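Open the structure in your viewer and keep the selection tool ready. The tour goes stop by stop.

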Amino acid sequence: LIQFSLKARQPQVELLGVTVKVDSNAGIFVTMNPAGKGYGGRSKLPDNLKALFRAIAMSAPDNELIAEVMMYSEGFTHAKELGSKLVAVFKLSAQLLSPQQHYDWGLRSLKTVLRVAGQLVYAEKKKVGGKAIPRAAEESAVIKALRINTLSKLTYSDTEAFNALIGDVFPGASVQDITYDEIEAAIRAVLAKEGLQPLELQVKKMLQFYEATQQRMGVVIVGPSGSGKTVICQVLRQALQSLGRRIPTYTMNPKAMPREQLLGKMDHDTREWADGVLTASSRKVVKEDADVRSWIMCDGDIDPEWIESLNSVLDDNHLLTMPSGERIQFGPNVNFIFETHDLKFASPATVTRMGMIFLSEESTEVECIVQSWLPPPPPPPPAPQ
């Protein structure tokens, strides 16, 4: 009806019994990923609907040119050289590292690295009064951003290969990772208070998790049962609260309820909308103050049936559109955190939108578990007089 009205240049059109004004400058576009392998829960566009649209084939983007333009806009001076090196790291990583379901070496991941690198360069320029910084400082910022966004999702063996790869592409570059001394001290204090063992790898994962929540709206903690997924969330939350930050948390298991109970439903007879568990939590978090960081935690399997509905929330739009037509706009102070044992059923569209924290059996040690559960040894008897 809308297309017919546009072609006939009609001033208005009737939709579901309501007369709507037609803007002659409007157009209708459909962007979609292919239904089939890797994209569960999706269906093909019906042939009668496909006939109304003209197909446009998309070619692969020129990542080097995109990286160069973005780096110039972020304030880099040596954008052409550093952009090509950064893209080379992504290409080599895709070829040389092990193929994992949760790895993403695409454009969305590249943009995140460039955005973080731009923030680091801006901070360095601020220190010197807005003047240009040397090439070595820009290179260091790029490597820092690359490590921040990549190391957290790599397997143990791929971490060594990735560090060697950075050394080959950026020879002679010296770089120090960003440190959070105050947060790390708070984490160690919480571990001691809860009677947990301060495992260095787990503390590192907690800091990586904190960094991921600052850079992405959606963060997935992937790992087998017993690898410390819940402990990482709980300890970091307590550590941040001890530093005076409020973090309201809303926890749910999306697979424990039907889709309508999770995302809400519309009564077809009365046209009355009933909120689901997720949408009710969303309404609460958007009412919080800007300095309050809210976590909506989904603890359970990631299934395309419900996670695909959050795609527009997890990308740059940060917008949840409900079946009633109502929209909820999230601010940068909201995080969707997912705990799951694998991403076997997640589509590439979901994986690319989220930060990844990968845990494995190596993330915990049996000795630490035993030490935490064993009672402390009794004090030695007093020496005889």
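How many bridges join strand β7 to strand β10, and do they run parallel or antiparallel? Select residues 294-299 for β7 and residues 334-340 for β10. There are 6 bridges, and the two strands run parallel. Keep in mind that this is a predicted model.

**Stop 1**

Pick isoleucine 296, then look across to β10: phenylalanine 336 stands opposite. Strands of a sheet pair through backbone hydrogen bonds, either parallel or antiparallel.

**Stop 1: lysine 284 on α12**

Go back to helix α12 and select lysine 284, which lies in it. Is lysine 284 buried, exposed or partly exposed? Its relative accessible area is 48%, so lysine 284 counts as partly exposed. The band for that label runs between 20% and 50%. Now select serine 294 as well and draw a C-alpha to C-alpha distance. Lysine 284 and serine 294 are 9.4 Å apart in space and 10 residues apart in sequence.

**Stop 2: the cavity**

How many cavities of 30 Å³ or more does the structure hold? It holds 1. The volume of the largest cavity is about 140 Å³. To find it, select Asn149, Ser152, Arg216, Gly355 and Met356: of the 13 lining residues, these are the closest to the centre.

Colour the lining by element. α6 (135-150), α9 and β11 each give two or more residues. Which element gives the most? It is α9, with 3 residues. Then colour by class: the lining has 5 nonpolar, 4 polar and 4 charged residues.

**Stop 3: threonine 155**

Select threonine 155, in the loop between α6 and α7 (156-169). Why does threonine 155 count as buried? Its relative accessible area is 11%, and buried means under 20%. Show what surrounds this side chain. Leaving out residues up to four places away in sequence, threonine 155 touches Ser98, Gln100, Tyr103 and Phe358.

**Stop 5**

Move to residues 12-15 and residues 18-21, strands β1 and β2. This pair runs antiparallel and is joined by 4 bridges. Pick leucine 15: its bridge partner in β2 is valine 18. Together β1 and β2 form a hairpin with 2 residues between them. Select leucine 16 in the turn, where phi is positive, about 50°.

**Stop 6**

Select arginine 9, in the loop between α1 (2-7) and β1. Its phi is near 55°, a positive value in a residue other than glycine. Arginine 9 counts as exposed because its relative accessibility is 70%, and the cut-off for exposed is over 50%.

Then jump to histidine 318, in the loop between α14 (311-314) and β8 (319-321). Phi of histidine 318 is near 55°, again positive in a residue other than glycine. At 23% relative accessibility, histidine 318 counts as partly exposed.

**Last stop: the whole chain**

Clear the selection and show everything. The protein chain has 16 helices and 11 strands. Its C-alpha trace spans about 105 × 55 × 45 Å along the principal axes. Colour by accessibility: buried residues make up 41% of the 385 residues. Finally, take the contacts between residues at least 6 apart in sequence: 72% of them join residues at least 24 apart.

Technical notes:
Residues numbered from 1 in each chain as written. Predicted model: local features only at pLDDT ≥ 70, side-chain atom pairs only at ≥ 80, totals over all residues. Heavy atoms only, no water. Pairing = 2+ DSSP bridges. 1 Å grid on protein atoms, 1.4 Å probe; cavity = no way out; pocket = protein on both sides within 12 Å on 5 of 7 lines; lining within 4 Å. Points joined across faces, edges and corners; volume = space filled by probe spheres on them. Nonpolar A, V, L, I, M, F, W, Y, C, P; charged D, E, K, R; others polar. Buried < 20%, exposed > 50% of the residue type's maximum accessible area, 1.4 Å probe, protein only. Contact = heavy atoms within 4.5 Å.
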